[in-house]
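Here is a short note for a colleague opening this entry for the first time. Please keep the sequence and the 3D view side by side while reading.

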Amino acid sequence: PQQADKSLISTAARALGIAISLYETPIALQRLQHYLPLNLLHSHGESEDALFARKFTENIAAVFEEMGQKSASYLEETNLALLNLDDSLKPAFLSLCQVRPLLKQVQKTPNPVNEIKPLSALSVQWHLWRSARKGQF
């Protein structure tokens with residue numbers, strides 16, 4: 001069978017990793033950790049102190065927005081590459097169906113550094129089912 005190349009796997013992992021990092025920010029901050037790139041935080045004129053104080057400033061909002069756009073971009077790139085992938089290998093990428101719902105949940109949350117409402121189990125199952133049927137994420 002055809003193998004997925006490393007760049008496809010890397011791009012897919014980036015899309016999912018960024019989405020999960022944003023979604024899990026409130027949990028990480030409770031442990032005094034975060035997974036937002038410092039250079040991106042600083043380039044938007046923000047410090048870790050504001051993040052740990054759980055102040056959702058315009059600058060932190062810009063960081064979230066930029067990271068969300070990057071994740072969506074990686075997802076689109078992955079979807080294009082998956083068009084040429086053998087159907088038997090596509091189930092390995094099924095977890096990517098969570099990228100859009102995770103990003104949407106982060107976007108619609110007024111203060112995503114404090115709390116993000118978890119996705120329901122039904123929503124997760126529905127996205128898995130729909131993606132498995134369509135073969136796109």
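This is a predicted model: local features need pLDDT of at least 70, side-chain atom pairs count only at pLDDT 80 or more; totals for chains, interfaces and linings use all residues.

1. The protein chain has seven helices and zero strands. Along the sequence the pattern reads α-α-α-α-α-α-α.

2. Taken along the principal axes, the C-alpha atoms fill a box of roughly 50 × 30 × 25 Å. The protein chain has 137 residues, and 39% of them count as buried.

3. Surface and charge. The chain carries 14 positive and 13 negative charges.

4. Helix H5, length. H5 covers residues 58-82. Does its span agree with its residue count, or disagree? At 1.5 Å a residue, the 25 residues of H5 should span 36 Å. The end C-alpha atoms of H5 are 36 Å apart, so the two values agree.

5. Helix H5, buried side. Which residues of H5 are buried? They are Ile60, Val63, Phe64, Met67, Gly68, Ser71, Tyr74, Leu75, Thr78, Asn79 and Leu82. Their cover includes helix H1 (6-23), helix H2 (25-30) and helix H3 (38-43). Helix H4 (48-52) and helix H6 (99-108) also contribute to this cover.

6. Asn79. This residue is found in helix H5. Is Asn79 buried or exposed? Asn79 counts as buried because its relative accessibility is 5%, and buried means under 20%. Leave aside its neighbours within four places in sequence. Asn79 is then in contact with Arg100, Gln136 and Phe137.

7. The aromatic pair. The structure holds one aromatic pair. Phe56 and Phe64 form it, with 5.8 Å centre to centre. The angle between the planes is 85 degrees, and the pair is edge-to-face.

8. Burial within the pair. How do the two rings' residues compare with the cut-offs? Phe64 is buried, with a relative accessible area of 6%. Phe56 has 28% relative accessibility, so Phe56 counts as partly exposed. The reason lies in the limits: buried means under 20%, and partly exposed lies between that and 50%. Phe64 is also among the buried residues of H5.

Note on methods:
Residues are numbered from 1 along each chain as its sequence is written. Side-chain values use heavy atoms; hydrogens and water are left out. Helices (H or I, at least four residues) and strands (E, at least two) are DSSP runs, numbered from the N terminus. Buried means under 20% relative accessible area, exposed over 50%, partly exposed in between (1.4 Å probe, protein chains only). Lys and Arg count as positive and Asp and Glu as negative; His and the chain ends are not counted. The place of a charge is taken as NZ of Lys, CZ of Arg, CG of Asp or CD of Glu. Rings of Phe, Tyr and Trp (its six-membered ring) pair if their centres lie within 6.5 Å; planes under 30 degrees apart count as stacked, over 60 as edge-to-face and the rest as tilted. Contact means heavy atoms within 4.5 Å. The expected span of a helix is 1.5 Å times one less than its number of residues.
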